[in-house]
Amino acid sequence: MKNVKLLHLLILLFPVLFYAQYKIEGRVLNKEKEPVKNAELLFKTTPSNNNRKVMTNDGGNFSIELIKGKYILTVKNSEYTSFEKEIIINSDTKLADIELVTVSKLIEEVKLTSSPKMIIHKLDRTVFNVENNALANRGNIFETMKSVPGLVLKNDQISMLGRDAVKVMIDGRMINLSGDDLKNFLKSIPSENIKSVEVISNPSARYEAEGNSGIVNLVLKKTKKNSWNNNTTLTTDVAKTKYILQTVNNNFTYQKNKLSFLLNTGYTYGDTFTKQMSDIFFSDPYFLTTEQKWNYNQFSGRFLIDYDITPKTKIGLQYLGGVYNNYVDDNVNTAVVNKANVPLYFLKGNGHIRDKNNNHSLNLHLEQKLDTLGKKLNIDLDYLSYVTDRNNTILSNQYNPDYSFEGINFFNRGISNQDINNYSLKFDIEHPGKFMNLNYGGKVGFTGTNYLLNNYDLSSDNTLTQSDQFKYDEAIQALYFNATKKFSDKWEGQIGLRTEYTQTKGHSVILDQTDYNKYLKLFPSVFIKNTINENNSLLLNYSRRIQRPSYGQLNPARSYINSQISSMGNPYLKPSYVDNIELSHTYKSLTSKLAFNVNSNAYNVFFKMNDETKEQIVTFDNYFKSYGYSLSETYEFNALSWWKSYVTLFLNYSQSKKSQDINLVLRNGFEFFGALNNSLTLNQSKTLTLDINYWYGSSSNQNLFHYSDANSLDMALSYKTPYKGLNLSIAAYDIFNSSPRTMLSEINGIAQTYKSFANNRFFRFSINYSFGNDKISKGERALGNESERERSR
């Protein structure tokens, strides 16, 4: 009887013993010992009913429970070659680190002809692989970004389709530059330094909520262990056969043991030309033509040093800055006519602008690994100094219809100084867990702006006509959390919430007024992804953002173009709030995206028109609410080894409604944009490539403006010479000078058109030379106190 009971007990326990679950942990790294996130691990058995999958977290770690048995472990990630290994599970096991080899590295080592996938769609971003990609071989980062799907060039600035602007990060660190300063900095970094470009069209709560803009994260190539490299690029741009702009960039990297060092310097000098035309249809219309010759003398640099104090602690220091001295010769000709288009008089103006800019940004970074499972603390301490000095002298003479001199119309010198200082402290914690992965952190930032402007009437013994000082202080405190979870092999999601408390104080001396503002706002974000099968996936995301006015848009100081036209900011300008929602579907190499956004309390440029005095003041105001509906398609063609191509199609409908009772015309309508980028390999040795890129933008309406259609054709020929490290290229941009657009607006019954011919059409010649050493001796030089150091251990 006892034997029968024992047998019965064993029969009951047999399934439990046989199918006991054992915990398996491990980590997936690349050859540089960096974690590989979102790698898929498949544990296969025979029969296949016990197959199990798991994904690595941001720290490259994974954890799974398996029953006893023999498994074939396969590790996959689109950026790396597959890894396979047989393992036997009979207890809780911590596997040795799994190292993956990048696809590009494999190509280099075994001379394969295939190339990695150009575009990779992730939960919260799209990755454009630049490394070893001829399409992105554009000389510098600014030119490379023009080729990235979803990014376009508007008014000589990089922007994102469906967004007002774009913010730029390098290796996850925000670059606190904008406008021409950002453009010039990006031009100083060779495109060969980029590994990939990450396009974040709808930023999550982890990122600052500022701006209806996407984020572009530039992931730079990692320095090889115990190596150094130097890259020098000389670029010459020629426009109108007589305007020559030259740039010299040098990029030096060094890595040995625990130390990594980078020094990037750039110098730009020469001339460019810009022509602007504006017609203002007062009762007596004004037709203005401005021709500007810009002389550049700019030096910029980036210095970065990282040191591994311990295997878990890394500290880094980065400097980013530049000194710019630009001179502008400005010729402004104005024809004033009557309704019958008969000239009444002419204004001929000559101006000279000296624009001096110094910007310096310093970042101190600490990275602390808190455990072996990927928990990590990042601390960033930042300082930004941005100083601009401008001396602008304008002489405008008036002539009668037969060009006889009548007198001085306007003779003014404006001397201004703007000093911006920003301090910030940010911390981020990456906290991977079994149930979900968490990111949380916060930031405090303080900005002080001091602006001085003096206008002098040079026709009246240098009389001071206006003196103004504008001070603006801003403080922002933020906290956020992000939670990411993979529910199954097909479903994953992310939810986040950011809160920002803002306090501002603006004081204008000339207006004798101080404006205070305080507000606490919440910014949620949600991402959901469904991987339907190997070829199909769906992604839905939502986020809320804020657009704060720039310091210049708030500054009430008045700057003159001539006696009738001037510009000034609005100290009462308030932030606007943007809600974005996107639904995208990816089928193999085709990605379709539907998007909708609402911009509440929106502000934009606004023209104060007075027909009696024939005066126009360019300013800003919150005067509308806008809605945007868009559909975009991106297709990657990569079937032929000698031809790579991708197509971008974008259809948008913009709708605006006035929020103030102002006599202006808001315009609604459709916009179409299409781009075709091609890279052709012209010889068998793959040393000669031809890029042919074309884009077209239809006429469109958006808020206050109607835009005419525009297009651009660019061609570039690149050659890798037989001399190791020496590359040459020649390119022609905007060959038909067809990229400028005409803008039309109407306020108070007065219509106005504007068109700017920036320096978009030019030829470029570029020489690039790289050299270095992949094997630095580890015993280069002993320190003078080496024996004392050894004794102290």
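## Strand pairing

Strand β5 (residues 69-77) runs antiparallel to β6, and eight bridges join the two. Along this pairing, V75 stands opposite F83 in β6. The model described here is predicted.

Both strands belong to an open sheet of four strands, in which the order is β3-β2-β5-β6 and the pairing is antiparallel. The edges are formed by β3 (52-55) and β6 (80-89); each has a single partner strand, so one side of each is left without a neighbour in the sheet. On average, neighbouring strands of this sheet are turned by 20° against each other, direction ignored. In general, the strands of a sheet pair through backbone hydrogen bonds, in either a parallel or an antiparallel manner.

## Nonpolar cores

The largest nonpolar core comprises 26 residues, and those with the most contacts inside it are F128, M145, L186, V197, V216 and L218. Two or more residues are given to this core by each of the elements α3 (141-145), β12 (157-160), β13 (165-170), α4 (179-187), β15 (194-200) and β16 (213-220).

The surroundings of L218 can be given in detail. When its neighbours within four places in sequence are left aside, L218 is in contact with I141, M145, V168, M169, I170, D171, L186, S196 and V197. Apart from this core lies another, of 25 residues, among them A602, F607, M609 and F705.

## Aromatic pairs

Over the whole structure, a search finds 28 aromatic pairs. One of them is formed by F281 and F287: the ring centres are 6.0 Å apart and the planes lie at 85°, so the pair is edge-to-face, since planes over 60 degrees apart are classed in this way. F281 is partly exposed, with a relative accessible area of 35%, and F287 also counts as partly exposed, at 24% relative accessibility.

For Y383 and Y423, the ring centres are 5.0 Å apart and the planes are at 40°, so this pair is tilted. The pair links distant parts of the chain, 40 residues apart, with Y383 in strand β23 (residues 376-399) and Y423 in strand β24 (residues 405-431). Y383 is partly exposed, with a relative accessible area of 29%; Y423 is partly exposed as well, at 47%.

## Ring cluster and charge over a ring

Ring pairs also link W228, F252, F261, F303, Y769 and F771 into a cluster. A further arrangement involves a charged group: the charged end of K485 sits over the ring of F435, at 4.0 Å from the ring centre.

Definitions and conventions
Residues numbered from 1 in each chain as written. Predicted model: local features only at pLDDT ≥ 70, side-chain atom pairs only at ≥ 80, totals over all residues. Heavy atoms only, no water. Phe/Tyr/Trp six-rings, centres within 6.5 Å; stacked < 30°, edge-to-face > 60°. Buried < 20%, exposed > 50% of the residue type's maximum accessible area, 1.4 Å probe, protein only. Lys NZ or Arg CZ within 6 Å of the ring centre and 35° of its normal. Pairing = 2+ DSSP bridges. Axes fitted to C-alpha atoms, helices over the stretch in contact; angles between N-to-C directions. Core = buried A, V, L, I, M, F, W, Y, C linked by side-chain atoms within 4.5 Å. Contact = heavy atoms within 4.5 Å.
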